[in-house]
Amino acid sequence: MKKLKSYYGSFGGQFVPETLYKPLKELERAFGDAAKSAAFKKDLSRLLADYAGRPTPLYYAERLSSFHGRRIYLKREDLNHTGSHKINNALGQILLARRMGKKRIIAETGAGQHGVAVATAAALFGMKCVVYMGTVDMERQAVNVARMKLLGTEVVPVVNGDATLKEAVSEAIRDWISDPSGTYYIIGSCVGPHPYPLMVRFFQSVIGDETKRQIRQKENRLPDYLVACVGGGSNSIGFFHPFYKSSVKFIGVEAGGMGGSPENTAASICYGSPGVLHGAYSYLLQSREGQILETHSVAAGLDYPSVGPEHSFYHQSGRAEYVSVSDRDALKAFERLSTLEGIIPALESSHALAYLSRLAPKTKKNALICVCLSGRGDKDMAIEGSLARGLKK
Ligand SMILES: *Cc1c(COP(=O)(O)O)cnc(C)c1O
């Protein structure tokens, strides 16, 4: 088999302990075969259609459009089973795990959306599942913890450091190192060592592929802009990549948090510099000594100090523009979409929506903008209530 590309420009690679090198090679081979297998693709498209509910609609948001004065479409990933785009990747990777004969699934989770998606897929396939989650996240996303447990997954609390997503990833990697032959690790974003960023992009590209078809049908042309929030970068890379060779402009919106200094944000490209974390060379939030900073975002799913290596490459090459949006503006957009369209967005997706206020005035009057609505906001109700009161003071 032809070797799959492990670098995007100078970013990516496999910065892992030697014990993981062989399992990664095995994974790379299995993925390369699966991606070419007609049977695998058929199983996956059946699951995406009948179980996850794809294709998701591309919705013309009329009242939001008149608010911003530009034509705005929303790619409704919030309508997927389990409430976000995470299920696209979870189903793809669990099919791969089954194909590889693995019996035990592990994952990490931040907002709990990836954990829930994996717990769901594991229940569906009758596999044992363990999810690592920081205790801070367990508290702010308690409903998702309850969902995972109901689905038969063991949720392991991680207390180290920040007790959020970064530590959960580290624990999951440790678990995998202890049993690489029996265990399959489903990473939730396009981060980690090769081949994960490539695999996750492959499974999430269904978002952009559908959008391309749908916008051609509705508008008879491609959009001018694609806007998506960037945590690890999976909903955005899946949205962007199928348009890579077109002239459509890509805008990745990072979590600006409270702003001011890097550790008050989770905006790895806007506030960070290149380094190595969790097996890949990419932009990260680090001190001058190379220690990873604690991060902050109101959106648990964006609260990660690095970003997928392909985004670092898009940034370096100028193919995409990366901006950041504050907690406060994200909360405003959260309320705006709810009242204007009757859609409660995830706080993560609200970052992409918030950027429309800055983008729309800079564009041509007839500009066509597609926003990836990565998930629904039911999980964020408690946070919105308590934080909105504080931030509005
Ligand atoms: C996990 C999550 C994100 C952030 O992850 P990406 O890998 O950047 O897509 C964004 N939105 C929602 C709803 C999520 O659950």
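Student: How many helices and strands make up the secondary structure of the chain?
Tutor: Helices (H or I, at least four residues) and strands (E, at least two) are DSSP runs, numbered from the N terminus. The chain has 16 helices and 14 strands. Its radius of gyration is 19 Å, close to the 21 Å from the globule rule for 393 residues, so the chain is as compact as a globular protein of that length. That radius is taken over C-alpha atoms, and the rule is 2.2 Å times the number of residues to the power 0.38.

Student: What should I know about the source?
Tutor: This is a predicted model: local features need pLDDT of at least 70, side-chain atom pairs count only at pLDDT 80 or more, and totals for chains, interfaces and linings use all residues. Residues are numbered from 1 along each chain as its sequence is written, and side-chain values use heavy atoms, leaving out hydrogens and water.

Student: What share of the residues in the chain is buried?
Tutor: Buried means under 20% relative accessible area, exposed over 50%, and partly exposed in between (1.4 Å probe, protein chains only). Of the 393 residues, 63% are buried.

Student: How do I check the span of helix H10?
Tutor: Take 1.5 Å times one less than its number of residues. H10 covers residues 206–219, 14 residues, so it should span 20 Å; its end C-alpha atoms are 20 Å apart, which agrees.

Student: Which residues of H10 are buried?
Tutor: An α-helix has 3.6 residues a turn, so residues three or four places apart point the same way. In H10 the buried residues include Val206, Ile207, Glu210, Thr211, Gln214 and Ile215.

Student: Which residue follows H10?
Tutor: Most residues other than glycine have a negative phi, and most peptide bonds are trans. Asparagine 220 follows H10, with a positive phi near 60°. Asparagine 220 sits in the loop between H10 and strand E9 (225–229). It counts as exposed because its relative accessibility is 71%.

Student: Is threonine 82 buried or exposed?
Tutor: Buried, because its relative accessibility is 7%. Threonine 82 also has a positive phi, near 75°. Its loop runs between strand E4 (71–76) and helix H4 (86–99).

Student: Where is the cis bond to proline 55?
Tutor: It joins arginine 54 and proline 55, with omega about 0°. Proline 55 lies in the loop between helix H2 (38–52) and strand E3 (58–60). The bond from histidine 194 to proline 195 is cis too, with omega near 10°. Proline 195 is in the loop between strand E8 (183–186) and helix H9 (196–204).
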